Amino acid sequence: MTTATLSQPTSHRVLRNIGFLALPLIVIVWSLADPTLGREVLEWIPYLASGFMMNIVIAVLAMLLGTLVGALFGILQLVPYRLVRLPVVAYVQLFRNAPHLVLIFATTYIFPFEIVVFGHYLPFPDWIKAVIGLAIPASAYVAEITRGAILSIPTTQWEAAKGLGFSRGQALRWIILPQCLRRSLPPWMNVAASITMGTALASLVGVHELLHAATDASTAVRRLDFTIIAYLVVMAAFFLLCYPISRLTRRLEARFNAA
Amino acid sequence: MQDMSLTDLFVSLTNRIGLNYEFLATGYEAQIWRDGFITTLYLIALLIPVSLIAGLLFAACLTSGKIWLSAPVRGFIELTRNTPTLVQLMFSFLVLNTVVSNMLGGAQNNPLSPFFWVVAVVGLHIAALHAEAIRAGIEAVPASTVEAARGIGFSQLQILRYVEVPLAFRSSLPAIVNNLINLVKLTTVGNAIAVSEITYASIMVWTQRDNVVSLMIVILLFFSAINIIVARIGLWVERRLAVPGYGL
Amino acid sequence: MTNPSADTAIVKLEDVHLSFGQTQVLKGIDLTINKGDAVSIIGPSGSGKSTILRCINALVQPQSGRITVDGTRVDQLTKESERIALRKRVGIVFQQYNLFPHLTVLDNIVLAPTRILGVDRREAEKLARELLEKVRLSEKADAYPGQLSGGQQQRVAIARALAMKPELVLFDEVTSALDPETVGEVLWVIRDLIRDGMTSILVTHEMRFAEEISDTVVFTENGRIVDHGSPEQIFHNSDNPRIRQFVGGLSGGRGAVRDGEGI
Amino acid sequence: MTNPSADTAIVKLEDVHLSFGQTQVLKGIDLTINKGDAVSIIGPSGSGKSTILRCINALVQPQSGRITVDGTRVDQLTKESERIALRKRVGIVFQQYNLFPHLTVLDNIVLAPTRILGVDRREAEKLARELLEKVRLSEKADAYPGQLSGGQQQRVAIARALAMKPELVLFDEVTSALDPETVGEVLWVIRDLIRDGMTSILVTHEMRFAEEISDTVVFTENGRIVDHGSPEQIFHNSDNPRIRQFVGGLSGGRGAVRDGEGI
Amino acid sequence: ATHASADSTLDRIKGRGALTVGVILSGAPFGYIDPKSQEQKGYNLDIAKALADDLGVKLETVTVTPPNRVQFLQQGKVDILIANMQYTEERAKVLDYVPTPYDRAGGAAVVRKDSGLKDWTDLKGKPVCVSQGSNYTQPLIETYGATVKALPSQPESLLALQGGNCVAAVHVGGTVALLLADRPEEWKDYAIPFPTELIPSDSVIWLRKGEKDTQAALDNSVKKLHASGKLIEFAKANRLLNTKYLEEEQKALSAAK
Ligand SMILES: Nc1ncnc2c1ncn2[C@@H]1O[C@H](COP(=O)(O)OP(=O)(O)OP(=O)(O)O)[C@@H](O)[C@H]1O
Ligand SMILES: Nc1ncnc2c1ncn2[C@@H]1O[C@H](COP(=O)(O)OP(=O)(O)OP(=O)(O)O)[C@@H](O)[C@H]1O
Ligand SMILES: [Mg+2]
Ligand SMILES: [Mg+2]
């Protein structure tokens with residue numbers, strides 16, 4: 001018969017909402033079932049929350065930096081001068097292909113712990129290194145997104161701008177890039193989600209983020225069931241943050257595809 | 001002997017430009033490091049088919065139209081897409097593995113190794129991404145083509161096998177290759193559970209020595225090379241499968 | 001509606017009603033087709049022509065009424081396997097020819113016989129080449145659909161349907177997606193088939209062609225069969241003003257027929 | 001070619017040759033346009049009409065010959081900044097209206113004056129609203145291009161070009177992408193402009209319109225100007241059989257003109 | 001990372017008024033986060049505090065892990081490491097250390113009671129879990145032929161043991177002994193059966209190569225802590241189970257005074 005691609009709206013929505021809350025629900029139900037465990041969890045929640053704040057800060061800053069650099073590099077990848085273009089293309093290729101974890105290791109261990117600016121020692125803490133470690137791949141992805149978006153703008157738009165007397169730079173700034181924005185929003189959000197999840201890798205180099213905090217807590221509490229529930233809390237935190245973003249992304253994608 | 005002197009030559013040459021590869025001349029560190037490369041390559045070689053097969057199965061469940069098949073897969077896809085793979089891996093290895101051990105009546109009966117868990121977690125994670133790509137490809141097959149197949153007398157499964165999957169595979173190939181590049185990068189999380197892949201081996205070396213930069217250079221080049229190869233193979237497959245007059 | 005030759009009927013629809021959701025599409029269709037007949041269905045757009053064909057091939061299921069194809073009660077089929085069995089005996093060719101774009105012309109034709117009927121590959125290929133001969137496309141056996149013109153693709157689609165050796169072929173506006181120049185080549189092929197005695201039902205807008213090849217012409221409107229009869233009757237002697245309007249002023253040609261549809 | 005009024009000429013092309021790679025597109029174009037004139041360029045497809053306009057606006061550079069626009073030797077411009085200065089004075093409107101889809105109608109018009117000429121935003125908006133009035137789209141100021149019909153978009157594109165207060169406007173088949181019903185509304189706008197004394201060069205297939213509004217009509221073929229003169233001369237008294245063929249049998253209407261082009 | 005031979009570190013410590021110590025939070029008794037106050041606690045931290053006090057500066061701590069602690073020290077992110085890091089010849093080649101140890105520790109192997117493992121030599125060919133960067137890696141591989149699996153930190157290693165991924169988890173004796181004592185229920189199937197510790201060696205404070213002044217100052221402080229019995233006090237407060245070494249040292253050093 002006719003293909004069953006039509007979704008069954010209500011049952012799906014119910015399922016989706018249950019799914020969305022499944023992880024926190026498990027944590028809560030389990031904590032209630034075993035009050036001693038529940039008390040430990042409750043005690044550690046502030047500590048874990050402070051860890052998670054670090055994930056969010058790292059992710060936000062990495063995306064900020066990555067987007068600025070990436071947008072610039074995306075444009076530079078298209079300039080007609082080989083001398084500019086080739087190094088940028090090489091950068092993008094190298095770091096698009098590099099594992100996040102390796103880049104985090106690299107920035108953590110290669111960069112100094114403090115930098116000297118005009119004789120002042122400025123600390124260069126690990127979490128900022130993690131920001132850079134994640135901003136590097138983010139910038140490579142954003143560069144590719146930007147390049148793709150610019151190329152997808154019809155050449156007639158450039159021509160129309162030229163006909164009005166815009167220079168190349170002005171046309172890019174006022175006409176082409178604003179149009180790229182819309183097209184590149186969904187892929188940009190995918191990168192943001194991937195970078196957000198990459199922040200967990202910072203735990204492996206000792207940044208005090210959520211996963212690290214959970215390990216600390218497990219070490220201190222030394223209960224097997226606490227360790228398990230700590231991991232569940234970690235997953236729930238990331239899920240509650242990333243799932244809405246990914247749903248929004250798909251909604252936008254669908255909208256843009258339809259338009 | 002020949003090999004030995006080559007190593008020495010390399011070590012001394014690189015030393016002159018400030019890179020420290022002295023560990024290559026030692027026993028167990030050099031061994032661990034070489035094994036690291038092999039393990040990473042082995043992981044990749046194993047994970048690619050695993051992820052593709054599981055991805056196909058997931059996609060089949062998603063498009064089956066049966067809610068008891070699609071809902072759990074959908075749920076897994078959302079979970080794996082929206083939580084860090086590292087945490088999934090630690091959770092699987094440290095928690096699920098213990099549960100499995102307890103069920104089998106003790107750790108000594110548990111055959112599951114860290115290697116297994118990396119393959120399972122990374123493989124299924126990438127499979128979920130493949131499944132999404134394939135599903136999108138299947139949905140992009142025109143309804144009229146499906147109806148034509150049905151009109152000829154193909155069953156639902158045959159339509160999937162002979163019409164939808166071949167077409168969907170072609171249109172989702174770029175996304176799949178992209179996922180495979182992510183897969184290669186993801187193998188590094190194995191170090192968190194002591195799978196002796198290349199980053200793990202390198203950590204073992206640099207915790208005893210001060211040569212992070214030297215090791216990083218090699219690792220970055222190594223992954224670039226693998227991913228360029230993966231992308232090339234993807235392109236080659238894309239060309240091989242290209243149908244004249246169809247698609248781009 | 002009288003069915004004088006019910007005994008030799010290969011297709012019989014009795015009081016078929018069908019709705020998609022709220023919209024009633026077929027409002028009581030009665031139709032009998034005998035073995036070896038060529039029946040044309042004409043009528044304005046949206047009148048239910050395609051839906052009739054799709055009912056006969058069990059691609060949609062009516063809410064009420066009886067559909068019998070060569071002894072099988074199509075409306076009562078519940079299992080997918082039974083529907084598939086029916087479809088093996090009833091070929092259908094659509095307006096969008098819908099070849100499988102990833103397979104060569106030959107593979108398009110060979111796929112169904114080998115996979116569904118279990119015919120030996122060599123034998124299936126032999127038949128496929130004969131059919132390609134018939135639709136005058138022998139030299140395109142190894143081309144991909146994307147390399148063919150619309151008319152050529154449609155002829156391959158017909159060959160693909162014939163490869164299942166159906167007892168009956170349904171053609172749904174097989175020339176509507178083609179440019180005027182290539183319509184002719186597809187119609188030749190169908191004309192040849194009908195001359196060879198294939199039972200066929202055609203939905204078409206090509207009045208001249210319908211007039212030339214049909215044994216019976218059926219006029220549908222608004223989910224009902226308004227009239228049926230010999231081409232002579234329908235095209236030239238109908239006393240239904242609606243039909244006269246539809247075919248009358250428009251017997252001039254194809255383009256004109258198009259304009260008429262919308263009325 | 002004689003240039004009786006060279007002193008008041010605003011645009012002057014002398015022996016302009018241009019090739020794209022191997023293909024010679026302009027093979028010696030001579031053309032003089034006086035201030036306040038409306039000149040139509042007609043001719044078959046591919047004859048180089050668009051290329052002439054793009055030369056005048058320095059969007060392409062000829063290999064040889066001289067192009068003078070209001071005293072500026074366009075063919076000798078080497079710097080991008082000089083070309084930009086020229087384009088500020090010469091507006092161009094294309095067949096594909098190419099509005100900026102991310103900006104409202106008002107912002108489309110205001111962008112260039114504010115960003116390029118440095119006009120105060122308030123002033124630019126005032127001018128923009130006046131222009132919208134002129135192209136009869138006042139009520140659409142806040143709509144996005146995607147919400148407008150083709151004819152409306154083209155009128156906005158004209159207003160956008162006029163907002164730079166050009167001395168000269170080039171129109172390149174501004175109605176070709178429009179459906180017959182909306183062609184009229186764009187032509188009205190251009191007619192009004194020309195009546196107001198704007199110097200303009202139009203490439204068009206609308207013979208009737210060209211005849212009505214032009215001071216001079218130029219006929220191009222195969223990279224050359226075959227003839228030029230008053231509309232009366234070209235459309236009704238040409239002794240060139242090719243032109244008679246192009247405009248002659250076809251004076252009936254638009255659709256017919258289209259068919260004629262290919263000859 | 002090369003550093004000027006002139007000992008700038010001590011000046012910097014004094015200048016900034018703070019001693020930055022890399023500590024490891026691998027669990028009680030050496031270093032952990034207190035569940036109640038969520039502050040860092042433990043034997044190592046007490047020593048760090050005492051040293052800072054002795055230098056007359058504030059204490060700043062940086063949490064390190066075995067894989068990153070040497071990097072942190074080399075980079076100058078921390079001034080010294082009090083991080084369960086025992087003296088080995090390899091380490092002494094790249095780093096300097098305070099000659100007077102603050103403890104002596106060796107590796108203890110936690111194994112299942114029913115595993116039948118009796119001594120280190122039984123580990124041959126068997127998977128053994130350690131922390132990444134552990135100094136037990138090399139002897140386990142080279143002397144006893146074990147297959148070493150290094151996990152990011154101690155809790156992961158112990159969980160891996162419970163999950164059956166290794167037959168033994170080898171960590172600093174004090175930590176695991178206390179763990180087994182404190183949580184008998186959870187660890188009832190496990191024991192520390194080997195009669196000896198693995199490479200029992202001195203726990204020393206590590207610093208960058210060539211920082212002689214800092215080294216001397218710290219050595220002096222550590223000696224004082226021994227002599228005054230402070231270290232034994234810390235050990236008791238943090239429940240180090242084996243304080244024999246500290247007692248001997250205290251006797252020796254207070255006598256020397
Ligand atoms: N799957 C469907 N769901 C809902 N409505 C449908 C569906 N298929 C067909 N219809 C509606 O049923 C009516 C009859 O459709 P049908 O395709 O049979 O008409 P037709 O006579 O073949 O017209 P045409 O000449 O345009 O092909 C139309 O109004 C159509 O919109
Ligand atoms: N950028 C280009 N590169 C190569 N050839 C070009 C380019 N632009 C135009 N041409 C060629 O130059 C010739 C003249 O083009 P032009 O666009 O000027 O013709 P036209 O008279 O405007 O035709 P139409 O009525 O179809 O717009 C054509 O043969 C065209 O293919
Ligand atoms: Mg139809
Ligand atoms: Mg043109």
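Residues 14-33 of chain A are 100% helix and 0% strand, with the end C-alpha atoms 25 Å apart, where helices (H or I, at least four residues) and strands (E, at least two) are DSSP runs numbered from the N terminus. This is a predicted model, in which local features need pLDDT of at least 70 and side-chain atom pairs count only at pLDDT 80 or more, while totals for chains, interfaces and linings use all residues. Residues are numbered from 1 along each chain as its sequence is written, and side-chain values use heavy atoms, with hydrogens and water left out.

**Annotated stretches of chain A**
- The UniProt annotation "transmembrane region", from an unreviewed entry, covers residues 14-33, 53-79, 100-121, 127-143, 188-208 and 228-246 of chain A; such annotations may be inferred rather than shown by experiment.
- Over residues 228-246, chain A is again 100% helix and 0% strand, and the end C-alpha atoms lie 26 Å apart.

**Extent of the interface**
- In chain B, 37 residues are in contact with 36 residues of chain A, contact meaning heavy atoms within 4.5 Å.
- About 3,300 Å² is buried between chain B and chain A, 76% of it from carbon and sulfur atoms (buried area is the accessible area, with a 1.4 Å probe, that two parts lose on being put together, summed over both).
- B:Asn82, B:Lys185 and B:Leu220 supply 17% of the area that chain B buries against chain A, more than any other three residues.

**Charged pairs**
- Between chain B and chain A there are 2 salt bridges, each a side-chain nitrogen of Lys or Arg within 4 Å of a carboxyl oxygen of Asp or Glu.
- A:Arg250 forms a salt bridge with B:Glu132, the closest N and O atoms being 3.6 Å apart.

Terms used:
Chains are lettered from A and ligands numbered from 1 in the order in which they are written.
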